[in-house]
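Hi,

Here is the structure I said I would pass on.

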Amino acid sequence: MMGTDGVRKNLFCILMLLLCGFNGFGHWVKAASSPSDPHYWAGVVEFSSAPTNETAEASTARRLAEYLSIIASSAAIDTDVLVFPEGTLNSHATASFVPNPADKIAPCNNLQYEPVVRDVSCAARNAKKYVLINLTEKARCPEGSDTRPCAPNGLYHFNTNVAFDRNGIVVSRYRKFNLFGEAGTNTTVYPEIVSFETDFGVRFGHFICFDLMFNEPALELVNVGITDFIFPTMWFSELPFLTAAQIQQGWAFSNNVNLLAAGASFPPIGSTGTGIYSGRRGAITTAMHHEAQTKLYVARVPKIQFPDATITKIPQPTGTPSQMAKLFLKRDQIDKYVTKDLPWSSNTQLIDSVCYGSFCCNFTINYTVKQVLANQNYYRYKLAAYDAGRTFDGFANGHITTCAIFACSSANYTDCSQRFGEAAQYEEAVTFNAITIVAKFPDRWDTFVLPNNVDTSIVPLDVSETEYSVVPSTGDSKPHNIITYKLINPRSNLFTFAIWSRVFDPISSDGVSLFGTVSPLVLIGAIWSVVASSWRF
């Protein structure tokens, strides 16, 4: 029989073993993923960016406290990497210096840096996880070989991603290049192609929001072999092609990469959209909100180099179309598209083509129409083709090529890509039993093509409902691909179904250079950023 001393010794050993499994916040620490594991654990945060009457200092302090609480929370314990959105932490008034990753500095408790940097460094160290935040960075001007004029206060201000490792060391920094307005914010001379290695065998590339629409840096990172991406964003969603989760899933699918997207949340201006996407396997989890939310989403992510790794999808509740009407959505410049009406006839197999100049889209659609009363609301649909330029709210220009089916809330074309209002009642009058879209796209570095869809709850379809194929075309003077996109499950709540592409070449039809170039408004903003020394949050 064990004596009292023996019992005490055993209890002491058990207690010490338990304590070793807890971090400084009293939370159980899961063993970190390793390079040999076929998965890693990721967390992405949708964070409320709703405006308040606080001072910049008070707002930053409150938001930082929320960040630190999330990092230390029990909900985040499993995560190897934790991602926060764009623009939800600080402002120009509370900007911080950021260590150069080459210096391998852990800024925890280092008073050279503001709390937004040093406290997150401490939190990453305490929680033993990789943490990526987006913040307003200040830096001394000039820097390196940059010969551009400096502001009177001798500072740059950048929209910057900062990645911390498990020891709180700054291991990566990226400064946003493709600004969406953002007066008073500087850019680097050239886009930075930035990535960082982890101890679980994954190298992450990262970029910010509007960068997604351009070749550099986003697609350049894909071209150098990066398979996992971190994407802080404050997206302003737009129908019919560019709502947040819709474009996130399409970008990850086309590149067959993992994408960790963390979105700012303020639906009245169109900002929401957070998700974790696993390449051709689609969304593991994705969320679009109609009210501002702060919420952490956690998922186990299959590594791309383990294509047979299991995937566990985590569906999120979706808002009803009436609820999602609270989410403000911009409308694309579709008025110059060539379109045809979807004929209003029941149990129809439609085979038709729509051409924009020499670019043609071929549609085969099997659909059923439900008869509606004259005074009832319902969505009509257009078949569309386009191969020309557009502006992104005057902040940049771009060339778009697309074949699409999209909804219209009335017979007036101005109501195409417009939804019914929050109080409106409507019938789902058209059920698409099957859709096939076929078109030929250039096979070039400057053409990026992706599958594109969204339903009336403003979430993308699961990839299991569609088929997408790319086959080299033959007999062309220049390389082309024949792209086929199919809907294989019936849907009565479809809003958009399309093959959509960005072309990074200039075009000359309207005399405007569209090589992702900066518009005059952005040039004015850049000049202003030279002389501006502060920005109100």
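**What I found**

Lys-128 is partly exposed, with a relative accessible area of 40%. Keep in mind that this is a predicted model. You'll find Lys-128 in the loop that runs between helix H3 (115-127) and E3.

Cys-209 is another non-glycine residue with a positive phi, in this case about 45 degrees. Look for Cys-209 in the loop between strand E7 (203-206) and helix H4 (215-223). Is Cys-209 buried or exposed? Its relative accessible area is 6%, and buried means under 20%, so Cys-209 counts as buried.

Then there are the cis peptide bonds. One goes from Cys-141 to Pro-142, with omega near 0 degrees. Pro-142 sits in the loop between strand E3 (130-140) and strand E4 (155-164). Another cis bond links Leu-239 to Pro-240, and omega there is near 10 degrees. For Pro-240, go to the loop between strand E9 (238-239) and helix H5 (244-255).

Now for the whole chain. How many helices and strands does the chain have? There are seven helices and 26 strands. The chain has 537 residues, and 54% of them are buried. If you take the contacts between residues at least 6 apart in sequence, 71% join residues at least 24 apart. As for the surface, the chain exposes about 22300 Å², with carbon and sulfur atoms supplying 56% of that.

Cheers

Terms used: Residues are numbered from 1 along each chain as its sequence is written. This is a predicted model: local features need pLDDT of at least 70, side-chain atom pairs count only at pLDDT 80 or more; totals for chains, interfaces and linings use all residues. Side-chain values use heavy atoms; hydrogens and water are left out. Helices (H or I, at least four residues) and strands (E, at least two) are DSSP runs, numbered from the N terminus. Buried means under 20% relative accessible area, exposed over 50%, partly exposed in between (1.4 Å probe, protein chains only). Contact means heavy atoms within 4.5 Å. Accessible areas come from the Shrake-Rupley method with a 1.4 Å probe; for residues, only the protein chains shown count as cover.
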